[in-house]
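Have the viewer open as you read.

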Amino acid sequence: YEIVLKYACPVSDIIAEDFLFMRIQLSEHFTYRKLLRFTLPSVIMMVCTSIYCVVDGVFVSNFVGSDAFAAVNLIMPFLMVLGAVGFMLGTGGSALVAYTLGADNEKRANEIFSLLIYALIGLGAVFTIGGIAFLTPVSRLLGADETMLPVCVSYGRIVLLGLYVTIAAGVTNIVLDALFVAVLQWDIPKK
């Protein structure tokens, strides 16, 4: 099997062809260099996701104050655990879909993909509702005092309600893809 990563990796000391597609033959010997070539894009994605927390911290500490900054940092691990479940399902699910497509079973891959979408929408709703319901006790458990508690709960609600925006964006993308590509049969230009 051959894996073609569909994104560019600008790290020239790890790959020889800057900004070109990377090809990895799974039948070849897997070296550290190939491992880095294969995993580096995911690591970069996780670093960029972590920057989200740093940017929040910079703005909150500079424009709101130290109590709010402490509150944001206190509730963030709870929110990151919920996000980690989504990353886990998305990463594992996409690997499963890719494997199934590679095994030339498109019908099963579509079923798995649909199951993933339904599961992520359902889990997103459960995590949002459950997260909002348990924000106060979780904040207290994580050590929030009476000064930080309202800020922890407020920040947590804003981030958890953002899950609905993310789900809505994903559903909109799916609907528009179906409309433009399947129904209207707009073609994507090929090089």
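Start at Phe 78: setting aside neighbours within four places in sequence, Phe 78 is in contact with Gly 131, Leu 135, Val 138 and Leu 142, where contact means heavy atoms within 4.5 Å. Before going on, a word on the ground rules: this is a predicted model, in which local features need pLDDT of at least 70 and side-chain atom pairs count only at pLDDT 80 or more, while totals for chains, interfaces and linings use all residues. Residues are numbered from 1 along each chain as its sequence is written, and side-chain values use heavy atoms, with hydrogens and water left out.

Phe 78 also turns up in the largest nonpolar core, which has 19 residues; Ile 75, Phe 78, Leu 79, Leu 135, Ala 144, Cys 152 and Tyr 155 touch the most other members. Such a core is a set of buried Ala, Val, Leu, Ile, Met, Phe, Trp, Tyr and Cys residues joined through side-chain atoms within 4.5 Å. Helices H2 (66-102), H3 (106-141) and H4 (149-183) each put in at least two residues, and H2 gives the most, with 9. (Helices here are DSSP runs of H or I with at least four residues, strands are E runs of at least two, and both are numbered from the N terminus.)

Stay on H2 and find Val 97. Is Val 97 buried or exposed? Val 97 counts as buried because its relative accessible area is 13%; the cut-offs are under 20% for buried, over 50% for exposed and partly exposed in between, using a 1.4 Å probe and protein chains only. Beyond its neighbours within four places in sequence, Val 97 is in contact with Ala 109, Ile 112, Phe 113 and Leu 116.

Now over to helix H1 (residues 32-63), where Phe 59 and Phe 63 sit 4 residues apart, about one turn of the helix. Both are exposed.

Finally, zoom out. The protein has 4 helices and 2 strands, running β-β-α-α-α-α along the sequence. Of its 191 residues, 23% count as buried. Among contacts with a separation of 6 or more, 50% come from residues 24 or more positions apart.
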